[in-house]
Each structure stands twice: as C-alpha cells, then as structure tokens.
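Hello,

Here is the structure I promised to pass on to you. Please have a look at it first, and then read on for what turned up in it.

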Amino acid sequence: MDIWFVISNAIVLATIYGTLAIGISITWSSLGLLNLGYGFVFAFSGYGAWLTAQYISPWGGAVLAGGILSGALCGVLINALAFIPIHDKPNFTMRGMIATLAINLIGTQALLWWFGPRSKSLPPIFGYWKVSLGDLVLTGDKIGSVVTAILMLVIVLRWMQSSRRGLEIRAMMMNPHAASIVGIGVRQTSFFVMSITGALAGLAAVLLSNTYYISPFGGLTPMIKGVSIALCGGLGSVRGAVIAAIILGFNEAITNVTIGGRYVLITQFLLIIAILLVRPRGIAGLLDRAREA
Amino acid sequence: MHGTVSANPAPEEPKPGAPAVLHISQLSAGYGPMRVIHDLDLIVGAGQRIGLVGLNGHGKSTLFYAIAGLTGWQRGSIKLNGKEVGRNRSQGPGRYTHLVVRSGLALIPQGDEIFHGLSVEEHLDSGAFTAESWRDRANRKDRVLTIFPHLKTLLTVPVGRLSGGERRMVSIGRGLMTDASLFLVDEPSLGLAPKIGRAVIDALMEIDLGNSAMVIAEQNVALLEGRVDRVIGMHVGKLTGEASAALSLSGKEKG
C-alpha cells in the first residue's frame, strides 16, 4: 500500500467533500433549510459545465466557470421554489426538506428526459501534466482540484468575513431571530446564501466529474456524502465540516486501497455513527441556543 | 440618532402638525390562541422618552415585538412617522421586520438576542443596516464607543465571551448604530448588578434623541423615576394610563 497515494487521494476527496459539506452547512444554519435538492444542483451544474465545454469552449477555466455559474443559478431556482413561498409557514424544517427533495426528484427526472441516461464526461480541466516527488506522482488533475477547491473556499469564507452580506449571513447563522431584529431581510439574504452554496456545489461537480461522471443521478452520492459530512462536523460549523471532510476523505482513500471502493459508504457511515455516538452534536457543532444564551 | 451626546438632554416639544413618531391604535397581538395585547392605543411624540412599567407577562415585550412584527399574529394600526407598518396577519412572524426596521425602528431586545460568535465590532456593524448608516459606520461606532468607553478594549472579542453587562452594552450600542426614529429598549437593567444596570440606564438617558423617541420597558421604576417624560403602566395587555403623576412626584413636571 502506497501511503503517499492514499494521502494525496484523501486530500483531494476531503477538499471536494468539504466544499459540498460547507455549502449544506451554511444553508442549514442560516436559512434553517436542509437542502436535499443539492444533488440536483450538483447534476445540473455538471450538465452546465458539459454544455459549456460542448458549445462555448472546452478550455478548463470556461468549463469551471460554467459549472459554478449554473450551480449558482440552480441554487437561486431552488430558493425561489422551495424557500421563499414556505419559509415562514409552520413546520418549515420538514416542509423545506420535502420541497427540496421533490425538486431533486423532479429535477433529476427532467435531466434524464432531456439529456438521456448516458453519462457525459468533461474535457480534462487541468490538462495531463504530472509532478513526481520521489515515488509520489501527482497528476495535474489532483493538484488542480485541491488548489481550486481551497481557493474557492478561501474566497467564500473571506467574503463572509469581510463583506456586509457575509456579515448578514453569519448573523443569520448565529441567531435568526436577532438577525431580523437588526433589520436583516431573510428573503433577500437567502438568495445570496443559495447562490453561493449552489456555486460551491457547481465547483464540486466539475472537480468530481472524473470520479462521478456527469449523469442525471450523479448528484445523489455526493449529496449523501455532503449531508453526512455536514452532520458529522456539526451542522452550522464551517470548521467542523472541514475536519469531518478530512476524516472521511482519509476513510474513503484507505477503504479504497484496503477492502475496496464498493465498501466506502459502509465504512463511512460506520465511522459517522461512531463519531455521533461520542459527540451527538457533531465534531464542532454549536451548542443549543438555549444553553448558549 | 442625531447629534452628539449631551449631559442634560432637553427633549424638544413635538411639533404641532408633524405626525407622532409612533401612533398605535386598536392593536391586538399574541401567539397562537393566546391574546397578549388587547386593543391598545399609544402615541409617542418626537423627542419623548417614555417609561413603560408593568409586571412580567403583562405584554411589554409583546408590545415591542408587535411593533416589529415579530409576534405570532397581530391586527390593528401601527404608524411609524406617519407610515403604516402594522399589518393584520396571522402568520409569518419576522417576515416584515426588516422593513419596519428600515422605516426607522431600533428594537433593543430583552436578554441576549446577540450573535455569540461575532466580535463586538462586527456586532455594531450589523446594526448599521441601511446603506447610509453602513457607509457612515466608522463615525457611528466612535459615537457608540464614547457612550460605552468600556467596549473599546473589547472590540475584537466574540460577544459570547462577554459578561451580561457588557452584552447589554453591545446590544444597546447595536441599536444606536442606526438612524432610527424610535428606540424600543426592553428591560435594559434586567439581570444586571444594580450598579451596572444604573450605568446602562444612565447611558440611555444621556443619548440626545433629537426628533426621535425612546420607549424603555423597565420593572425597576426607581431607575426611571423623574428621568423620563412619561411613565405608562401596563397591565394584562392594556395600558393603564399615565402613571407618571403617581410615580414621579419629584419628576420633571414639578422640577
């Protein structure tokens, strides 16, 4: 077993899953919406990137931008359909889950109807070059994925730290009630949240397109992984999502080389159950509001 | 908020003809099947500082929340600077709150309605919600820091780590970052040591209101005595009239 191969794979997976999990986590804690339409956003932006490669330019940057933009667009769409009409109705948590799940199912069927069941693949985004460090061979794909995902996350987190919208989103994540008291409009802010998290899903879709080819149902596994990583890290905590993504990325890479890739989901969920048994609120989950106050 | 802090505020007389800052008529509000506010009328003029006294659970906070649109349901008319912000609604608490806040309300809620992970400075920034106050936020922050100099040393500390009194200062400071014409301060001294509670009230009294108005809900009448323009009692969801004559014998009217 090549230890460096495992580590490099783990890092690649961790950054991509982390991207997805952070998107889900931010949506949950700021809007109170567990976005089960994330799989559709993922698949939609995969097709967006594919269309960009087919009709506009196969250049990596353009494909990436196509994926990110269509992800953001799809996020806005889900927001308009599943958040805006019902967010202040009773029992929103459950209704929101069902509404986004419905969008997921309808959306994937629509993609199946429109594009057919054959999976598509994207042109190589980062080229075919590779770097050899001793006996470790890093392909351009891996380096490019990690660098792009980290860059995007840094940009998003920086934006949330420094901009006014970011401040609004963070305020909503911490205390939605107080956020409306200081004049933050939930409906307005939700469009920003959903487009940003949609863009993150779009990025992950393009970066993962080498592992999960673009297909109508291709978003399901990444969404399950993203949701479970977000849960495991503690919903609402970006730091927790990153830690959980690293742990589960390593788990996936190790499982791949030891007992085989088809057991990944089994070991992953066993690990998540073990973590949640020890820490029910997740690795870095926020304390209950009641306890915090 | 306009102008600077002065030691002896001289509230201007409300201009005749100008709409009252707050004009509530026939307001009822509550949560689900429970009716907390019963057909309430209240007029607050510009420059007035009003004390609202009453026991726990008699609707002081609910009145404030109803003005902000945060109760479960409400009906009746609420006019803020002559603009109708009250709605007849049966659901959607908080849906219109940001619009009410934008038309000039600063609600300084009871207890710790804070963002525990934001630093003091970010917290103050979050109070500057309109484009104008956002651009002007450095000046406004300075102004808040002259009222609460203690916060200067804490600017980068997450609010969750502050003491109760410091949190209250942050919460009030957040309200003062705005251009609001109506400040609703809910139980500013609740849960604080008497000395700190008095300091917080003192700070509220020193704010120059200009043409805006302030309503302070407070259980400790002694803290307000003689320092506000009117004291109104509240009992089971109704205002019980002017309590100032009975309570503030040494008040402004005499002095």
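**An enclosed helix in chain A**

Let me start with helix α6 of chain A, residues 164–174: eight of its 11 residues are buried, so this helix is largely enclosed by the rest of the structure. Please keep in mind throughout that this is a predicted model. The buried residues of α6(A) are Leu167(A), Glu168(A), Ile169(A), Arg170(A), Ala171(A), Met172(A), Met173(A) and Met174(A). What lies over them? The cover includes α1 (3–31), α5 (140–162), α7 (176–181) and α8 (186–208) of chain A, and α3 of chain B takes part as well.

**Where the chains meet**

That brings us to the contact between the two chains, in which 27 residues of chain B touch 18 residues of chain A. On the chain B side, α2 (97–102) and α3 (120–127) each contribute at least two residues. That side is made up of nine nonpolar, 11 polar and seven charged residues.

**Two helices side by side**

Back in chain A, have a look at α2(A) and helix α4 (residues 92–115). Their axes are 8 Å apart and the helices pack at an angle of about 25 degrees. An angle under 35 degrees counts as roughly parallel, and α2(A) and α4(A) are therefore described that way. The crossing of α2(A) past α4(A) is left-handed. From α2(A), the residues Gly39(A), Phe40(A), Ala43(A), Phe44(A) and Tyr47(A) meet Ile103(A), Asn104(A), Gly107(A), Thr108(A), Leu111(A) and Phe115(A) of α4(A). Seven of the residues in this contact are nonpolar and four are polar, with no charged ones.

**Tyr38(A)**

Tyr38(A) also belongs to helix α2 of chain A, which spans residues 38–56. Is Tyr38(A) buried or exposed? Tyr38(A) is buried, because 32 other C-beta atoms lie within 10 Å, where 20 or more are needed. Beyond its neighbours within four places in sequence, Tyr38(A) is in contact with Gly23(A), Ile24(A), Ala201(A), Met223(A) and Gly226(A). Gly71(A) is 33 residues away from Tyr38(A) in sequence, with 9.5 Å between their C-alpha atoms.

**The nonpolar core**

Finally, the largest nonpolar core has 157 residues, and those touching the most other members are Ala21(A), Leu200(A), Ala204(A), Ala244(A), Leu105(B) and Leu184(B). Not counting residues up to four places away in sequence, Leu105(B) touches Ile67(B), Ala68(B), Leu80(B), Val100(B), Ala180(B), Leu182(B) and Leu184(B).

Enjoy exploring it!

Best wishes

Definitions and conventions:
Residues numbered from 1 in each chain as written. Chains lettered and ligands numbered in written order. Predicted model: local features only at pLDDT ≥ 70, side-chain atom pairs only at ≥ 80, totals over all residues. Core = buried A, V, L, I, M, F, W, Y, C linked by C-beta atoms within 7 Å. Buried ≥ 20, exposed ≤ 12 C-beta atoms within 10 Å, placed from the backbone. Contact = placed C-beta atoms within 7 Å. Helix = DSSP H or I, 4+ residues; strand = E, 2+ residues; numbered from the N terminus. Nonpolar A, V, L, I, M, F, W, Y, C, P; charged D, E, K, R; others polar. Axes fitted to C-alpha atoms, helices over the stretch in contact; angles between N-to-C directions. Parallel < 35°, antiparallel > 145°, perpendicular 65-115°, else oblique. Left-handed = near helix turned anticlockwise from the far one by under 90°.
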